Amino acid sequence: MTSSDISIRREDDVVVVTPAGEMDAVTSPALAKALDAILSHPPHGVVVDLTKVGFCDSRCIGVLVSAYRQARDLGVGLVVAEPQRQVMRLFMIAGIDQVIPIIETVGGAVDGLKG
């Protein structure tokens, strides 16, 4: 995954990060880099839109948990939105749904984080 496979947009004081494709050991570092850059100038909230992610492995989960903890320590809300069924299943098996808030829609996630 290159930076072109990750779109970033701002809705007021909430940043929406949308990776596309498969998130694995090769592609997850690009997501980590994008999230680190966003959190270096913390917005009010961050939505990781997983609508376009068809696969997520343990490296991806590690990136999301790390970003969630970093955001929490900064007082920034970070949520995951619209994971595809197979990704959501992995999150549930790994217990990620108990750690990171998972919101049904991107719009709902953005509205919930707006200051």
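Me: Where is the place of Thr18?
Reply: Thr18 sits in strand E2. Strands here are DSSP runs (E, at least two residues), helices are DSSP runs too (H or I, at least four residues), and both are numbered from the N terminus.

Me: What kind of model is this, and how are residues numbered?
Reply: This is a predicted model, with residues numbered from 1 along each chain as its sequence is written. Local features need pLDDT of at least 70, side-chain atom pairs count only at pLDDT 80 or more, totals for chains, interfaces and linings use all residues, and side-chain values use heavy atoms, with hydrogens and water left out.

Me: Back to Thr18. Buried or exposed?
Reply: Thr18 is buried, with a relative accessible area of 5%. Buried means under 20% relative accessible area, exposed means over 50%, and partly exposed is in between (1.4 Å probe, protein chains only).

Me: Which residues is Thr18 in contact with, leaving aside neighbours within four places in sequence?
Reply: Asp5, Ile6, Ser7, Arg9, Asp49 and Lys52. Contact means heavy atoms within 4.5 Å.

Me: Which side chain does a polar contact join to that of Thr18?
Reply: The side chain of Asp49, at 3.3 Å. A polar contact is a pair of N or O atoms within 3.5 Å; within protein, one must be able to donate a hydrogen and the other to accept it, and residues adjacent in sequence count only if both atoms are side-chain atoms.

Me: Now Arg9. Where does Arg9 lie?
Reply: Arg9 is in strand E1. At 38% relative accessibility, Arg9 is partly exposed. Apart from neighbours within four places in sequence, Arg9 is in contact with Val14, Val15, Val16, Thr18 and Val106.

Me: How many salt bridges does the structure hold?
Reply: Three. A salt bridge is a side-chain nitrogen of Lys or Arg within 4 Å of a carboxyl oxygen of Asp or Glu.

Me: Why can such side chains pair?
Reply: Side chains of opposite charge can pair when their charged atoms come close.

Me: Which side chain meets that of Arg9 in a salt bridge?
Reply: That of Glu11, at 3.0 Å from N to O. Glu11 is partly exposed, at 25% relative accessibility.

Me: Which residue forms a salt bridge with Asp12?
Reply: Lys114 does, with the closest N and O atoms 3.2 Å apart. This pair links distant parts of the chain, 102 residues apart. Lys114 is in the segment after helix H4 (106–113), while Asp12 is in the loop between strand E1 (6–11) and strand E2 (14–19). Lys114 is partly exposed, with a relative accessible area of 34%. Asp12 is exposed, at 58%.

Me: What about the phi of Asp12?
Reply: Asp12 has a positive phi of about 55°, although it is not a glycine. Glu82 has a positive phi too, about 50°, and is not a glycine. Glu82 lies in the loop between E6 and H3.

Me: And which residue forms a salt bridge with Asp73?
Reply: Arg72, the closest N and O atoms being 3.6 Å apart. Asp73 is exposed at 62% relative accessibility, and Arg72 is partly exposed at 46%.

Me: Change of topic. Which residues touch the most other members in the largest nonpolar core?
Reply: Val46, Leu64 and Phe91, out of 30 residues. H2 gives the largest share of this core, eight residues. A nonpolar core is a set of buried Ala, Val, Leu, Ile, Met, Phe, Trp, Tyr and Cys residues joined through side-chain atoms within 4.5 Å.

Me: Which residues does a second, separate core include?
Reply: Val79, Ala81, Val110 and Leu113 are among its nine residues.

Me: Last one. At roughly what angle do the axes of H1 and H2 cross?
Reply: Roughly 10°, and the axes come within 9 Å. Axes are lines fitted to C-alpha atoms, for helices over the stretch in contact, and angles run from 0 to 180 degrees between N-to-C directions.

Me: What does that make H1 relative to H2?
Reply: Roughly parallel. Angles under 35 degrees count as roughly parallel, over 145 as roughly antiparallel, 65 to 115 as roughly perpendicular, and the rest as oblique. The residues making the contact include Leu35 and Leu39 of H1 and Leu64 and Leu74 of H2.
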